[in-house]
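Please keep the structure in view while reading.

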Amino acid sequence: MLTQLSNQKIEFFQLNLINWGSNHFVDFPWRYTENHWHALAAEIMLQRTNANQVINVYKEFCEKYPSPEDYIDDKAPNTFNSLGLKWREELLQKLAYFLTLQEIPKNKKELIKLPGVGEYIAAAFLSLHLNIIATIIDSNVVRVYGRFFGFPTDSETRRKKWFIEFANKLTPLDNHRRYNYAVIDFTREICRPKPQCHRCLLNKYCSFNFREKRGEK
DNA sequence: CTCCAGAACA
DNA sequence: TGTTCTGGAG
């Protein structure tokens with residue numbers, strides 16, 4: 001199925017997405033940090049949490065804990081009090097502890113061994129903060145690819161080999177960073193769970209948009 | 001593969 | 001109130 005997709009459609013998607021992204025890049029503070037510890041901490045704060053909610057918490061966190069050691073020294077941190085999912089505090093403590101023992105690795109295989117770091121955070125960290133090519137897959141990526149290219153998805157699609165390969169193919173070798181930021185911003189602003197097709201610059205070739213217009217499910 | 005947390009949603 | 005979501009872990 002996917003091998004039959006025209007390269008034109010893929011190129012259209014990549015080009016227009018990157019183009020959209022460069023005009024709608026949101027300058028969240030963690031996108032600029034040179035501090036890799038802060039970058040990883042931000043990803044944990046962002047899990048299932050609205051980015052706007054994270055901004056102030058993140059800024060405070062960076063002030064309070066310039067290094068993993070500073071964070072470990074705090075016996076009663078309350079980073080997640082206002083964010084919810086408080087089990088992440090313990091996870092972050094474990095991560096911080098690991099980071100006092102070793103440098104942050106620069107490849108996915110080693111990154112994933114860190115507590116709290118899985119496929120998603122490893123890929124995001126590599127591409128966005130180290131500028132090393134990596135394919136970011138999360139629920140938003142699954143949603144936008146499924147819609148635009150017209151294939152059904154479910155909660156396990158993210159782990160399927162065919163989907164991972166497809167996502168690898170779509171992530172451009174050179175522009176991966178800009179592309180990945182664009183996907184993140186685009187799926188937050190336009191291709192949301194409730195799609196904003198009327199504001200979408202890609203709807204001309206979007207399979208989902210066609211189905212909507214024909215009144216199909 | 002399944003299970004988990006626990007907020008968000010219906 | 002029950003169900004869904006989602007990245008990590010087992």
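The sections below treat the DNA strands, then the pocket and cavities, and finally the aromatic pairs. The model is predicted.

## The surface near DNA strand C

DNA strand C is surrounded by 13 residues, and the closest of them are Gly116, Ile121, Ser139, Arg158 and Arg159. Sorted by class, this surface consists of four nonpolar, four polar and five charged residues. Helix 7, which spans residues 119–129, contributes the largest share of the surface, namely three residues.

Which parts of DNA strand C come within 4 Å of the protein? Sugar or phosphate accounts for 65% of these atoms, and bases account for the rest.

From the backbone, an N or O atom of Tyr120 lies 3.0 Å from a phosphate oxygen of DNA strand C. Likewise, a backbone N or O atom of Ser139 is placed 2.8 Å from a phosphate oxygen of DNA strand C. Gln47 instead uses its side chain, a polar atom of which lies 3.2 Å from a sugar or linking oxygen of DNA strand C.

## The surface near DNA strand B

The residues surrounding DNA strand B are Arg48, Leu85, Trp87, Glu156, Arg159 and Lys160. Of the atoms of DNA strand B that come within 4 Å of the protein, 55% belong to sugar and phosphate. Four of the surrounding residues are charged and two are nonpolar, while no polar residue is present.

A polar side-chain atom of Trp87 lies 3.1 Å from a sugar or linking oxygen of DNA strand B. For Lys160, a polar side-chain atom lies 3.3 Å from a phosphate oxygen of DNA strand B.

## The largest pocket

The largest pocket holds about 1,300 Å³ of space. Its lining is made of 37 residues, and those nearest its centre are Leu46, Tyr120, Asp138, Ser139 and Asn140.

At least two lining residues come from each of helix 2 (36–46), helix 3 (51–64), helix 7, helix 8 (139–149), helix 9 (161–170) and helix 10 (176–189). Helix 7 supplies the largest share, with six residues.

Why does the pocket lie between domain 1 and domain 2? Domain 1 (7–25 + 134–210) and domain 2 (29–129) both give residues to the lining, so the pocket lies between them.

## The cavities

How many cavities of 30 Å³ or more does a search of the whole structure find? The search finds two. Their volumes are listed below.

| Cavity | Volume |
|---|---|
| Largest cavity | about 120 Å³ |
| Second largest cavity | about 40 Å³ |

The largest cavity is lined by 16 residues, with Phe186, Cys191, Cys197, Cys200 and Cys206 lying nearest its centre. By class, twelve of the lining residues are nonpolar, three are polar and one is charged. Helix 8 and helix 11 (207–213) each provide at least two residues of this lining, and helix 8 gives the most, with three residues.

The second largest cavity is lined by Ile136, Asp138, Val141, Tyr145, Tyr179, Asn180, Val183 and Ile184. Helix 8 and helix 10 are the elements that give two or more residues to this lining. The largest share, four residues, comes from helix 10. Six of the lining residues are nonpolar, one is polar and one is charged. Asp138 therefore lines this cavity under the classes used here, and Asp138 is also among the residues nearest the centre of the largest pocket.

## Aromatic pairs

A search of the whole structure finds 24 aromatic pairs. One of them is formed by Phe12 and Phe148, whose rings are stacked, at 6.1 Å centre to centre with 10° between the planes. This pair links distant parts of the chain, since Phe12 belongs to helix 1 (residues 7–24) and Phe148 to helix 8, and the two residues are 136 residues apart.

Key. Residues numbered from 1 in each chain as written. Chains lettered and ligands numbered in written order. Predicted model: local features only at pLDDT ≥ 70, side-chain atom pairs only at ≥ 80, totals over all residues. Heavy atoms only, no water. Near = heavy atom within 4 Å. Polar contact = N/O pair within 3.5 Å; in protein donor to acceptor, adjacent residues only side chain to side chain. 1 Å grid on protein atoms, 1.4 Å probe; cavity = no way out; pocket = protein on both sides within 12 Å on 5 of 7 lines; lining within 4 Å. Points joined across faces, edges and corners; volume = space filled by probe spheres on them. Domains from an automatic or database assignment. Phe/Tyr/Trp six-rings, centres within 6.5 Å; stacked < 30°, edge-to-face > 60°.
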